Amino acid sequence: MPTIFLRPGTADRVVAGHPWIYAGSVQRLTAPAADGALVQIKDHRQRFLGVGLYNSKSIIQVRVLAPERVEINAGFFADRIRAALAIRERHLPKAASFRVVNAESDFLSGLIVDKYGDVLVVQISSLGMDQRKAMIVEALQGIFSPRAIVEKSEASFRKFEGLAESNGLLSGTLEGSVPIDLNGLKFEVDILGGHKTGLYLDQQQNYQKVADLIRGGQVLDCFSFLGGFALHCARAGAAHVHGLDQSEEAVAAAGRMAEANGLTGRCSFEAANVFDWLKAQTAVKPHEKVVPKFDAIILDPPSFTRTRSAVDDAMRGYKEIHLRALKLLKAGGTLATFCCSHHVDAAMFQAVISDAAFDARRVLRRVAIYSQSPDHPVLPAVPETEYLKGFAFEVAR
């Protein structure tokens, strides 16, 4: 097995559990290694650190798989997937749909597996995992016996590994949408034609937590997608929930979900650019004031930045949207807000909300802190595994 030697001062990160070894950390390779091959990793003193998958074309040159020598076969993947499944069964015992494998969080860097009822969705973002796709499918079939396994591997993740986009059916048959249950509510997921792997499972627990906090009144759900927050709030007793999303397809689907759950009378959905909609609702003439309309507002936007260099622009966007929302929120009302960008940490996110509250002349009381659902585990040694953060605030005055 070819051996990668690391430069002095770079091994501690690997020993602590981070699976990414960047090209700049590699001192030398003892023998030629094919891209995707298994290599062993040693520090500059020749101490063994583990094994991983090599790719000379990637900035992440080695993805560590284990701190010991292991054989990478279907049995290896089955063991890792069963271990990941046990975590979900412990923390989400009643869930039928959840993320089974969350890449680095489950020591399978480059692999994501989502479960929607009896259908599995695989997302592969590394060359080494892509070359072992048949092993992964074999392991998944042995554990779950799914009706279908679908691959949805987007180009944005794979281009850094020299891979093209890959989508399609890996096993079984699948036609139409897949009905699933989230916290006792009915949803339908368009896996083959829908967004990403199908649904935002990382908010599964937060849907219910926010609904329990809000309960009644007039609610605005911004970036509502399939109506996850909207439907949970309507079921919890909200007088009416209005959902906004730029996608007409998502708005139509959310309407169908409301009907399927008997919540049509309490929900409405509108296709709109949220920034433009909030700006129009808060536009007033000189010497006029905005009349607050909502008892609760939920902000769950897509990531405003995927790179560190774009953080400043993202922060301006977050401030703008919170400023507009706070102007529409009644005294005593609740703001539940989320950020899914890894590059914006919780302290930065709360600071920009505080800035918006100052400009809106509002004083906020924090009443809840949110994170990603436990099927998206966070490893403190791997900061990249933590991306979703959220808060709930009441307008104190």
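Start by selecting Gly-162: at 59% relative accessibility, this residue counts as exposed, because the cut-off for exposed is over 50%. You are looking at a predicted model. Gly-162 sits in the loop between helix H5 (155-158) and E11. In sequence, Gly-162 and Asn-55 are 107 residues apart. In space, C-alpha to C-alpha, Gly-162 and Asn-55 are 9.3 Å apart.

**Stop two: strand E10**

Select residues 148-153, which form strand E10. Is this strand enclosed or open? Six of its six residues are buried, so E10 is largely enclosed by the rest of the structure. Colour the two sides separately. Ala-148, Val-150 and Lys-152 lie on one side. Ile-149, Glu-151 and Ser-153 lie on the other. Both faces of E10 are covered. In a regular strand, side chains alternate between the two faces of the sheet.

Next, bring in the neighbours of E10. Show strand E9, residues 119-124. E9 and E10 run parallel, joined by four bridges. Then show strand E11, residues 166-172. Six bridges join E10 to E11, and these two strands run antiparallel. Here Ala-148 stands opposite Gly-172 in E11.

Select strand E12 (residues 178-182) and strand E13 (residues 185-189). The two run antiparallel and are joined by five bridges. Val-178 stands opposite Val-189 in E13. Two residues lie between the strands of this hairpin. Click on Asn-183, which takes a positive phi near 55°. Now turn to the faces of E13. Leu-185, Phe-187 and Val-189 make up the covered face. Lys-186 and Glu-188 make up the uncovered one.

**Stop four: a six-stranded sheet**

Select strands E1 to E6. They form an open sheet of six strands in the order E2-E6-E5-E4-E1-E3, with mixed pairing. Which strands stand at the edges? They are E2 (20-22) and E3 (26-29). Each has a single partner strand, so one side of each is left without a neighbour in the sheet. From one strand to the next, the twist averages 35°.

Zoom in on strand E1 (residues 3-6) and strand E4 (residues 38-42). They run parallel, with three bridges between them. Pick Thr-3, whose bridge partner in E4 is Gln-40. Strands of a sheet pair through backbone hydrogen bonds, either parallel or antiparallel.

**Stop five: helices H2 and H4**

Select helix H2 (residues 74-91) and helix H4 (residues 133-144). Their axes come within 8 Å and cross at roughly 50°. H2 and H4 are therefore oblique to each other. The crossing is right-handed. Show side chains where the helices meet. From H2, the contact includes Phe-77, Ile-81 and Leu-85. From H4, it includes Met-135, Leu-140 and Phe-144. By class, the contact of H2 with H4 has eleven nonpolar residues, no polar ones and two charged.

**Last stop: helices H9 and H10**

Select helix H9 (residues 274-281) and helix H10 (residues 311-327). The axes come within 9 Å and cross at roughly 40°. H9 and H10 are therefore oblique to each other. H9 passes H10 in a left-handed crossing. On the H9 side, pick Val-274, Phe-275, Leu-278 and Lys-279. They meet Gly-317, Glu-320, Ile-321 and Arg-324 in H10. This contact of H9 with H10 divides into four nonpolar, one polar and three charged residues.

Definitions and conventions. Residues numbered from 1 in each chain as written. Predicted model: local features only at pLDDT ≥ 70, side-chain atom pairs only at ≥ 80, totals over all residues. Heavy atoms only, no water. Pairing = 2+ DSSP bridges. Axes fitted to C-alpha atoms, helices over the stretch in contact; angles between N-to-C directions. Parallel < 35°, antiparallel > 145°, perpendicular 65-115°, else oblique. Left-handed = near helix turned anticlockwise from the far one by under 90°. Contact = heavy atoms within 4.5 Å. Nonpolar A, V, L, I, M, F, W, Y, C, P; charged D, E, K, R; others polar. Buried < 20%, exposed > 50% of the residue type's maximum accessible area, 1.4 Å probe, protein only.
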